[in-house]
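Here is a quick tour for someone meeting this structure for the first time. Take a look at it first, then read on.

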Number of protein chains: 2
Amino acid sequence: MQERVQGRIQARSDTKAQIQDAALASFGTAGYDGTSLDDLARGLGIRKQTILYHFVSKRGLLNAVVDRCAGDLTGAMDEVLSGADRDWDRVEALVRRVFRVALEQPVMLGLLREVSRPGSPGAQRLRTHMEPMMARARVWIEGEMAAGRMRRADAQLLLISAYSTVVGVATETEVLRAAGIEPTLRPVVQRRRELLNFLRSSLDPRD
Amino acid sequence: MQERVQGRIQARSDTKAQIQDAALASFGTAGYDGTSLDDLARGLGIRKQTILYHFVSKRGLLNAVVDRCAGDLTGAMDEVLSGADRDWDRVEALVRRVFRVALEQPVMLGLLREVSRPGSPGAQRLRTHMEPMMARARVWIEGEMAAGRMRRADAQLLLISAYSTVVGVATETEVLRAAGIEPTLRPVVQRRRELLNFLRSSLDPRD
DNA sequence: AAGGGTCTTTACCAGTTGGTAGAGAGACGG
DNA sequence: CCGTCTCTCTACCAACTGGTAAAGACCCTT
């Protein structure tokens, strides 16, 4: 009301993005049910109805937030998949890239955690993003196996194991914070190393 | 109303315990905010006010549930700590015992997950249970280290790593379920093995 | 200057939330 | 038979929930 007198063209995208940012943080920390649109709006200095104008409903807001995060993630993965790395190097690059995103945007981990719970309103939405990504990865891996560039293994189980490791990092970060320990990079890096070791011993033919 | 005409002495503990069981399940799956006392009561065929009679408030109910679970866990750990196992064997027995409790009462894992989130209403309560337990374990481990029966390592970091592994199992089980995979023992057993390997390589002097 | 589009607001609503007050039912000891 | 204790109920409430309707403010185009 005070400073928003500025030009509308800037404010247009601004407000919407700000709402999304605040929602991401709140959903990730307080949870979906624990987030009220009034509180969210109050925190931004706007009215709840402004939120409902940009995102039709609370559920729509959650979906938008999930979509954006999933977009960030798939975008990062696409970069790697269209890169020069091949065979095992590509797997390693993929893991490192995903962990980098997670580390750079820690709020995303909170949302991932919230939305991973089955029965969560966002679980279904997340699934629609994850499933094609997982299927694609699975096809690629199985192709590599068939071509003899990777050792034979249960690709699906491997992928799920990798996925749950990432979600596990989300949980771990918060457990650490709850234990009063300032979240550092160390445990995350350790998890990444463990995951890479696991994948290497399962897939790398040079092993 | 129909069958509860039976003697009151039985009903007394019965109702309270049933409320606690249902609350444990609901808090663990739908979350604290996602659980309404009305729904909870309806599921039990009683009125919400009956719940509020036995547990003063919703928060009180959560605390009671957390207390009971923490009691189960500390009780199990006490059994091991007063048992015959020594040195490394005791560590292994402890891990196996905790995992056994988690496997036998999977609903507890859901609650643990919900309540591990910092900012969750139950986080504080959980902490009051966990902190003395952790402190006690730490003192013991450091004593063993000083006596040369275990290799020197950062005891606190080790404990937190172990703790977050258990919480990770809670998350993983739900991720698997969300992925459409019937939760089996396998990943849990694998996590236990990984944890034991990690602890052994950190602590066991015979290694 | 006027009309239309975009955005944010005020006003309002029905349903649900956790919680309080108090009555009624049954068991038990006197 | 009566009072008391334990338990569960009905009745009610203020606060808050997500959501609707519509008016006002601002910009751009004509």
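Let's start with two helices of chain B: H4(B) and H6(B) are oblique to each other, a label for angles that are not under 35 degrees (roughly parallel), over 145 (roughly antiparallel) or 65 to 115 (roughly perpendicular). Helices here are DSSP runs of H or I with at least four residues, strands are runs of E with at least two, and both are numbered from the N terminus. Before going further, note that this is a predicted model, where local features need pLDDT of at least 70 and side-chain atom pairs count only at pLDDT 80 or more, while totals for chains, interfaces and linings use all residues. Residues are numbered from 1 along each chain as its sequence is written, chains are lettered from A and ligands numbered from 1 in the order in which they are written, and side-chain values use heavy atoms, with hydrogens and water left out.

The table puts the two pairs side by side. Axes are lines fitted to C-alpha atoms, for helices over the stretch in contact, and angles run from 0 to 180 degrees between N-to-C directions.

| Pair | Angle | Axis distance |
|---|---|---|
| H4(B), residues 58–81, and H6(B), residues 106–116 | about 120° | 11 Å |
| H8(B), residues 155–178, and H9(B), residues 186–203 | roughly 165° | within 10 Å |

H4(B) and H6(B) cross in a left-handed way, meaning that the near helix is turned anticlockwise from the far one by less than a right angle (clockwise would be right-handed). Which residues of H4(B) meet H6(B)? On the H4(B) side they are Leu62(B), Val65(B), Val66(B), Cys69(B) and Asp72(B), and they meet Met108(B), Leu111(B) and Val115(B) in H6(B). Contact means heavy atoms within 4.5 Å. By class, that makes 7 nonpolar, no polar and 1 charged; Ala, Val, Leu, Ile, Met, Phe, Trp, Tyr, Cys and Pro count as nonpolar, Asp, Glu, Lys and Arg as charged, and the others, Gly among them, as polar.

As for the other pair, H8(B) and H9(B) are roughly antiparallel to each other, and their crossing is right-handed. Residues in this contact include Leu158(B), Thr165(B) and Leu176(B) from H8(B), and Pro187(B), Leu195(B) and Phe198(B) from H9(B). The tally here is 10 nonpolar, 3 polar and 2 charged residues.

**Over to chain A**

Chain A has 9 helices and 0 strands. Its C-alpha atoms fill a box of roughly 65 × 40 × 30 Å along the principal axes. Of its 207 residues, 45% are buried, where buried means under 20% relative accessible area, exposed over 50% and partly exposed in between (1.4 Å probe, protein chains only). Among contacts in chain A between residues at least 6 apart in sequence, 68% join residues at least 24 apart.

How many of the 11 residues in H6(A) are buried? The count is 9, so helix H6(A), residues 106–116, is mostly covered. Among the buried ones are Met108(A), Arg113(A) and Glu114(A).

Gln20(A) sits in helix H1 (residues 8–29) of chain A and is buried because its relative accessible area is 12%. Leaving out residues up to four places away in sequence, Gln20(A) touches Phe55(A), Ala64(A), Val65(A) and Arg68(A). Arg97(A) belongs to helix H5 (residues 87–104) of chain A, and its 15% relative accessibility is why Arg97(A) counts as buried. With the neighbours up to four places away again left out, Arg97(A) touches Ala76(A), Glu79(A) and Val80(A).
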